[in-house]
Amino acid sequence: MEFAFPWPASQGEWLAWSSAVVTLLIGLVLFLAPNLAFHILRLQAKPEKAAAIAEGRGRMSGFYLGVSLCCILLAQPLLYMALGFSWLFTAFGRLLSMMSDGANTPFNWASIVVELALAALPLAFAFGFVP
């Protein structure tokens, strides 16, 4: 059995693939430079709590890297659907926090727009809206 890199062939695949690549890059930053990622996300780990860095490097980056690599390497519509719904629930969680936790900031508004775009690209392909 030969393994060939499944290069995107249609416009919809390119959109979904682009979302997976952005997700991969976010995961790599969290994995390789968690302090930088925390700074970008406006989070701060306490120096006496090194386990917080392990959360960024392990739990947070693990899902980003795992889902995005599966999408890129296997290029299956259901995997792109999983990526899209993951971003959609991320945006929904942020929206709930903005409404109930008083986190209504310009940073969160910008983040929710990016998250909705990263959700829409693979979902449009997975549901056949973009061929």
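In what follows, Ala, Val, Leu, Ile, Met, Phe, Trp, Tyr, Cys and Pro count as nonpolar, Asp, Glu, Lys and Arg as charged, and the others, Gly among them, as polar. By these classes, the lining of the largest pocket in this predicted model holds 16 nonpolar, four polar and two charged residues. The model also carries a nonpolar surface patch of about 1000 Å², to which helix H4, spanning residues 77-100, gives the most, with seven residues.

**The largest pocket**

- The volume of the largest pocket is about 800 Å³, and helix H1 (11-32), helix H2 (34-40), helix H3 (51-74), H4 and helix H5 (106-126) are the elements that each give two or more residues to its lining.
- Of the 22 residues that line this pocket, those lying nearest its centre are Leu-41, Tyr-64, Trp-87, Arg-94 and Glu-115.

**The nonpolar surface patch**

- The patch is made by Phe-85, Leu-88, Phe-89, Phe-92, Leu-95, Leu-96, Met-99, Leu-116, Phe-127 and Phe-129.
- Met-99, one of the patch residues, has its place in helix H4 and counts as exposed because its relative accessibility of 60% lies above the cut-off of over 50%.
- Leu-95, which also belongs to the patch and also has its place in helix H4, has a relative accessible area of 33% and is therefore partly exposed, a class that runs between the buried limit of under 20% and the exposed limit of over 50%.

**A distance along the chain and in space**

- Leu-95 and Pro-8 are separated by 87 residues in sequence, and their C-alpha atoms lie 32 Å apart in space.

Conventions:
Residues numbered from 1 in each chain as written. Predicted model: local features only at pLDDT ≥ 70, side-chain atom pairs only at ≥ 80, totals over all residues. Heavy atoms only, no water. Patch = residues over 30% accessible without salt bridge, like charges linked within 9 Å, V, L, I, M, F, W, Y side chains within 5 Å. Areas by Shrake-Rupley, 256 points an atom, 1.4 Å probe, with all protein chains shown as cover. Salt bridge = Lys/Arg side-chain N within 4 Å of Asp/Glu carboxyl O. Helix = DSSP H or I, 4+ residues; strand = E, 2+ residues; numbered from the N terminus. Buried < 20%, exposed > 50% of the residue type's maximum accessible area, 1.4 Å probe, protein only. 1 Å grid on protein atoms, 1.4 Å probe; cavity = no way out; pocket = protein on both sides within 12 Å on 5 of 7 lines; lining within 4 Å. Points joined across faces, edges and corners; volume = space filled by probe spheres on them.
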